Amino acid sequence: MPTATARPGALLLSPGDHTLILIDHQSQMAFATKSIDPVLLRNNAALVAKAAAEFGVSTILTTVAEKSFSGPIFHEISDVFPNEVAIDRTTMNTWEDPRIAERVNAIGKGRIVLAGLWTSVCIVGPALSALDQGFEVYVIADACGDISDEAHERAVQRMIQAGARPMTSLQYLLELQRDWARSETYDQTVATSIAHGGGYGLGLIYARTMFGGGEGH
């Protein structure tokens with residue numbers, strides 16, 4: 001019989017053990033995205049960006065043909081990382097741009113977390129490439145999107161079959177927090193959840209307003 005100990009499992013993410021790569025969250029890419037509502041997509045991208053900034057996660061921003069075709073990265077992301085210059089590419093597969101490999105190697109972490117547009121191209125490419133080179137890969141599925149539900153779902157399924165681990169944007173935030181007694185990040189985690197956590201955020205507002213409730217406080 002195994003022995004239970006009060007410590008997190010090795011497959012859970014921690015702020016310092018991974019690199020987040022946000023890929024091609026741009027207007028032109030979003031226009032054709034049909035698997036998720038664009039308002040929800042922008043909300044989820046903001047949630048992920050704020051979570052990464054709050055917890056000091058190593059983050060790479062990248063775009064494709066920003067000046068000539070696809071437009072700037074969502075302001076929900078650039079506003080959170082005002083000093084981070086997105087790497088603009090021509091490659092559909094982010095992983096094939098040498099500047100990305102250089103940044104990943106300089107950061108030096110064996111886990112990669114991905115989100116972006118479109119799932120079947122811009123996320124599948126780096127996910128399968130990183131897995132092939134020995135990295136662990138997580139995909140924030142609801143901060144991704146594609147030209148159809150079928151395209152998105154088949155892409156996620158293909159990555160899972162290769163060993164990638166799917167998750168959601170709110171899950172990403174709460175997995176980094178993981179303990180409401182972590183007071184140094186508690187207030188910002190709650191603020192981000194209220195702003196972008198949908199029904200969960202409404203619940204937090206209700207609890208605070210009606211009876212001064214707070215998780216772990």
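Which side chains meet in a salt bridge at 3.1 Å, N to O? They are the side chains of Glu150 and Arg154, where a salt bridge is a side-chain nitrogen of Lys or Arg within 4 Å of a carboxyl oxygen of Asp or Glu. This is a predicted model, in which local features need pLDDT of at least 70 and side-chain atom pairs count only at pLDDT 80 or more, while totals for chains, interfaces and linings use all residues. Residues are numbered from 1 along each chain as its sequence is written, and side-chain values use heavy atoms, with hydrogens and water left out.

**Salt bridges**

- The count by this rule comes to 8 salt bridges.
- Glu150 and Arg154 are 4 residues apart in helix H7 (residues 149-162), so about one helical turn separates them. Helices (H or I, at least four residues) and strands (E, at least two) are DSSP runs, numbered from the N terminus.
- Glu150 is partly exposed at 49% relative accessible area, and Arg154 is partly exposed at 39%. Buried means under 20% relative accessible area, exposed over 50%, and partly exposed in between (1.4 Å probe, protein chains only).
- Arg89 and Asp24 join their side chains in a salt bridge of 2.8 Å, N to O. Because Arg89 lies in strand S3 (residues 87-89) and Asp24 in the loop between S1 and helix H1 (27-31), the pair ties together parts that are 65 residues apart in sequence. Both Arg89 and Asp24 are buried.
- Arg99 forms a salt bridge with Asp97, with the closest N and O atoms 2.7 Å apart. Arg99 is partly exposed at 39% relative accessible area, whereas Asp97 is buried at 6%.
- A network of salt bridges links Asp17, Arg111, Glu136 and Arg165.

**Strand S1 and its partners**

- In strand S1 (residues 18-23), 6 of 6 residues are buried. His18, Leu20 and Leu22 lie on one side, and Thr19, Ile21 and Ile23 on the other.
- S1 pairs with strand S4 (residues 111-116) in the parallel sense over 6 bridges; two strands pair if DSSP finds at least two bridges between them.
- S1 also runs parallel to strand S2 (residues 58-64), joined by 5 bridges.
- Thr19 stands opposite Ile112 in S4, and its bridge partner in S2 is Ser58.

**Surface**

- Tyr206, Met210 and Phe211 form a nonpolar surface patch with about 390 Å² of accessible area together. Accessible areas come from the Shrake-Rupley method with a 1.4 Å probe. Patches are made of residues with over 30% relative accessible area and no salt bridge, like charges being joined within 9 Å and nonpolar side chains (Val, Leu, Ile, Met, Phe, Trp, Tyr) within 5 Å.
- Phe211 is found in helix H10 (residues 198-211) and counts as exposed at 57% relative accessibility.
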